[in-house]
Number of protein chains: 2
Amino acid sequence: MNNYGESNGDSNVHEKQVEGHDHCENGDGSDNRVILGIDGGTTSTVCVCIPLFSSLKSLPIPPPILGRAVSGCSNHNSVGETAARDTLEEVMAEALSKSGSDWSAVHAVCLGVSGVNHPTDQERILNWLREIFPSHVKLYVQNDAVAALASGTMGKLHGCVLIAGTGCISYGFAEDGREARASGAGPVLGDWGSGYGIAAKALTAVIRAHDGRGPQTMLTNKILTALGLSSPDELIGWTYADPSWARIAALVPEVVSCAEACDQVATKILVDAVQDLALSVKAVVQRLHLCGEDGNGSFPVVMVGGVLEANRTWDIGKEVIKCIQEQFPGAHPIRPQVEPAVGAALLAWNFLMTESTENSHS
Amino acid sequence: MNNYGESNGDSNVHEKQVEGHDHCENGDGSDNRVILGIDGGTTSTVCVCIPLFSSLKSLPIPPPILGRAVSGCSNHNSVGETAARDTLEEVMAEALSKSGSDWSAVHAVCLGVSGVNHPTDQERILNWLREIFPSHVKLYVQNDAVAALASGTMGKLHGCVLIAGTGCISYGFAEDGREARASGAGPVLGDWGSGYGIAAKALTAVIRAHDGRGPQTMLTNKILTALGLSSPDELIGWTYADPSWARIAALVPEVVSCAEACDQVATKILVDAVQDLALSVKAVVQRLHLCGEDGNGSFPVVMVGGVLEANRTWDIGKEVIKCIQEQFPGAHPIRPQVEPAVGAALLAWNFLMTESTENSHS
């Protein structure tokens, strides 16, 4: 479990960590201690390593990245517990190594990971981290949406984030700490605004046009060409051959192209996706009263993920914001300038500062 | 491949078959030769063994079943090629053994199996059977819907079958042999009238009610109770834990119960499913002109599968027929009196008779 293939196989990580606890402060307010921020998604996992900056009141924005590593899926729902845990260990080890640092320097870890839907998920993943790190290391496990929110608000948990990549989720925090989410339940449970949802609807439209249940659509040629298939019949085998959601979600640009060429079927799919995504945000805003008593209060909506950032003529992200602002004019869109893994690191730093302030007052 | 664990491990099946080719005719027009009819579905595979009745002009209806065996899934899309092939071999061996017969007595095999969506699928499965049986054995591979149609028409390929169990498909034949299908593309490709589709929509409705995107519904309590869960959040982990479609489709009775209690969300899900299923049949009827030139011609609609046969107050099958008959008054519903595996056997017998008539005319 604690063997990272670095020094000797049976090294005791706890002892190593305690030895490494002897820090020397640098001139810039940092010491050799670091924070790991991790964004664990269904498609990939990113880990960044930043300095602790324990003597600063606020972090430099953006914070300096000492090391960054990328690995595969760490959603335990998708790949199973062992694979998810191995991915996390690997990506942390690589980020530390690239930082010229090691496990003993880690002071806090914040993991934003998809598949955290219930306190028991959080507990289970905390236990994985607890087996890796000694007890003085602060560990925080959040849904990946929380890290994405923090990437737009520079670590402050306020407002709502909307992620629409392969999957989709909307997650928000009120100033008083109350939180709420909508969507993010996976393809079986109807995340129709996600990249997977959009592409699955497009594939369905091709099948329906082919078997006489639906109107003809440009999507047929566009998608068959993209996949190198010659007939819609072959789509059935294609979807069964590999059930990975990302592979299906990768067809979103074809749908956008058809909508840009005014194909009605493709346009309806995107308009429905916009409604679905906006509805997810509105549900969170309403439950948390983010818009204030009069409904016009300002709040950030952090927009993350390939579906929202496509920067195409038919701009899904822009349409979603327009739809949210019709109901909540104070919704203030933010496109994060740092990646979610950095958001996770900022979050860890903010948690640490809050705890140290609370401790100094107690 | 040809080792059935019966006599010696290295017996040559081809030789066995040739020896067994020496038949003695019985008084009732049968000899010891048999036909195997197989219904290979996503949930289970059934094989029946019937006598060949080579000297009869028509089969006794229902035909006598010499042996019947049941095994698991044989859809190669779902379980992979090796598992599907093994399941088929096992179920045939068991049906033969229960019939007091053996491989050498087999004269024809008709396999109706889900996952046959393209001529290459048919070819691949024929090759599996070809490795088991010597060349004089007649082999027929069809989509499982074709066997289901034959189970309602006593082996005649005319009309349309609608299957709605875990999955759904509509499949038809015109008198001139033209065929057409609609749906049957699997959950990713939008088979919303299937048991899986109905239940997935119900689960989605529970999530939407919970996160504020949709109206409250009785489905929440009904489904959580059925699954022994305490919160809708837990549904996410539940769906991920086992992606089997049958496990999700098993929730259909809960949806029907809620619709019977006038829950609007559940009712809408069933009404939409009815429209979807009827649309599948209508698409096939239209493409094959089963309704004749004036649109009023009579044709059979064979209704198969748990979703259509539930026999509840809210009767999905009855509503589907009503919806089809609004457009095609000549649609004549048939609830098969024999199972699809028997339909496959009847189909093999009809194919054999047609071929022998053609041969005698050539």
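Colleague: Is the crossing of α11(A) and α12(A) left-handed or right-handed?

Modeller: A crossing is left-handed if the near helix is turned anticlockwise from the far one by less than a right angle, and right-handed if clockwise. The crossing of α11(A) and α12(A) is right-handed. Please keep in mind that this is a predicted model, in which local features need pLDDT of at least 70 and side-chain atom pairs pLDDT 80 or more, while totals for chains, interfaces and linings use all residues. Residues count from 1 along each chain as its sequence is written, chains are lettered from A and ligands numbered from 1 in written order, and side-chain values use heavy atoms, without hydrogens or water.

Colleague: At what angle do α11(A) and α12(A) pack?

Modeller: Helices (H or I, at least four residues) and strands (E, at least two) are DSSP runs numbered from the N terminus. Axes are lines fitted to C-alpha atoms, for helices over the stretch in contact, and angles run from 0 to 180 degrees between N-to-C directions. Here α11 (residues 264-288) and α12 (residues 316-327) of chain A meet at about 45°, and their axes are 9 Å apart. This angle makes α11(A) oblique to α12(A) (under 35 degrees is roughly parallel, over 145 roughly antiparallel, 65 to 115 roughly perpendicular, the rest oblique).

Colleague: Which residues of α11(A) and α12(A) meet?

Modeller: With contact meaning heavy atoms within 4.5 Å, α11(A) brings residues including A:Leu270, A:Val274 and A:Lys282, and α12(A) has A:Ile316, A:Glu319 and A:Cys323 among them. The residues of this contact of α11(A) with α12(A) divide into nine nonpolar, three polar and two charged (Ala, Val, Leu, Ile, Met, Phe, Trp, Tyr, Cys and Pro are nonpolar, Asp, Glu, Lys and Arg charged, the others, Gly among them, polar).

Colleague: How do α10 and α11 of chain A pack?

Modeller: Helix α10 (residues 252-260) and α11(A) pack at about 115°, with axes 7 Å apart, and their crossing is left-handed. A:Val255, A:Val256, A:Cys258 and A:Ala259 of α10(A) touch A:Ala266, A:Thr267, A:Ile269 and A:Leu270 of α11(A). That contact of α10(A) with α11(A) has seven nonpolar residues, one polar and no charged.

Colleague: What is the arrangement of α6 and α8 in chain B?

Modeller: Helix α6 (residues 195-211) and helix α8 (residues 233-241) of chain B pack at about 150°, with axes 9 Å apart. α6(B) and α8(B) are therefore roughly antiparallel.

Colleague: How many residues does each chain give to the contact between them, and how much area is buried?

Modeller: Chain A gives 37 residues and chain B gives 37. The area buried between the two chains is about 3100 Å², 60% of it from carbon and sulfur atoms; buried area is the accessible area (1.4 Å probe) that two parts lose on being put together, summed over both. On the chain A side, A:Leu189, A:Arg213 and A:Tyr240 lose the most area to chain B, together 24% of what that side buries.

Colleague: Where are the cis peptide bonds, and which residue has a positive phi?

Modeller: Most residues other than glycine have a negative phi, and most peptide bonds are trans. A cis bond joins A:Ile61 and A:Pro62, with omega about -10°; A:Pro62 sits in the loop between β2 (45-51) and β3 (67-71) of chain A. In chain B, a cis bond joins B:Ile61 and B:Pro62, again with omega about -10°. A:Met154, not a glycine, has a positive phi of about 55° and lies in the loop between α5 and β6 of chain A.
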